[in-house]
Amino acid sequence: GCRDLSTLDFLRNLGVRAYFSRCLTLTLPKRKTQGQQDKIYFVDIPDEVMKLFPLKIKENAEVRRQRWCHVGNEYWKKTYDHAQEILDDLQQAHLVITSALHCAAPCVAMGIPVILISLDPLENANRFSALNGILNSITVNEIIDRRVSYDVVAPDIEELKMAMLKNVSLVI
């Protein structure tokens, strides 16, 4: 199973039997609605791109970084705990604006509205193909030209999740 179409093409060109499975983070459960989801998070957005957003979006937003590096004993456990903290935090979001595929996909799965920014459209066209038909990405030029709607609704992918989970169980 391949997360994206470029990996699928790469493996097939090597003679490996492969199929497009998408990223398994799309199978995370929907968030439980508790409390208000009124926060806007900018996740892994470079400072030079942050300054392009309208003040009304930035003024009440919080900046998060999901990338980190931990070296030492129990690396996997600390990484897992860190990822869980981020996922728990994001569940309070009304909107997430991110340049990271592995922030956007879990948000979609959890039912959180997300805007995915393609910082490098040529590179991201391949990587972001994991979200083809689910979520469109925007470019920096669209932000500059004010062609971005911030009234975003999370897509319903529950049927896709069930199909993905069934596929995984068949493969195992």
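Modeller: Bear in mind that this is a predicted model. The structure holds zero disulfides.

Biologist: How far is the sulfur of Cys103 from the closest cysteine sulfur?

Modeller: The closest cysteine sulfur is in Cys107, at 4.2 Å, which is too far for a bond. A disulfide here needs the two sulfur atoms within 2.5 Å.

Biologist: Is Cys103 buried or exposed? And what about Cys107, buried or exposed?

Modeller: Cys103 counts as buried because its relative accessibility is 1%. Cys107 is buried too, with a relative accessible area of 0%.

Biologist: Which residues sit on each side of E4?

Modeller: Val114, Leu116 and Ser118 are on one side, with Ile115 and Ile117 on the other. Both faces are covered, and all of these residues are buried.

Biologist: Which way do E3 and E4 pair, parallel or antiparallel?

Modeller: Parallel, over three bridges, with E3 being residues 93-98. Thr98 has Leu116 in E4 as its bridge partner.

Biologist: How many bridges join E4 to E5?

Modeller: Three, and those strands run parallel; E5 is residues 137-139. The bridge partner of Ser118 in E5 is Thr139.

Biologist: Which helix goes with E4 and E5 in a β-α-β unit?

Modeller: H6, residues 121-127, and that unit is right-handed.

How values were computed: Residues are numbered from 1 along each chain as its sequence is written. This is a predicted model: local features need pLDDT of at least 70, side-chain atom pairs count only at pLDDT 80 or more; totals for chains, interfaces and linings use all residues. Side-chain values use heavy atoms; hydrogens and water are left out. Buried means under 20% relative accessible area, exposed over 50%, partly exposed in between (1.4 Å probe, protein chains only). Helices (H or I, at least four residues) and strands (E, at least two) are DSSP runs, numbered from the N terminus. Two strands pair if DSSP finds at least two bridges between them. A crossover is right-handed if, with the strands pointing away from the viewer, the path from the first strand over the helix to the second runs clockwise.
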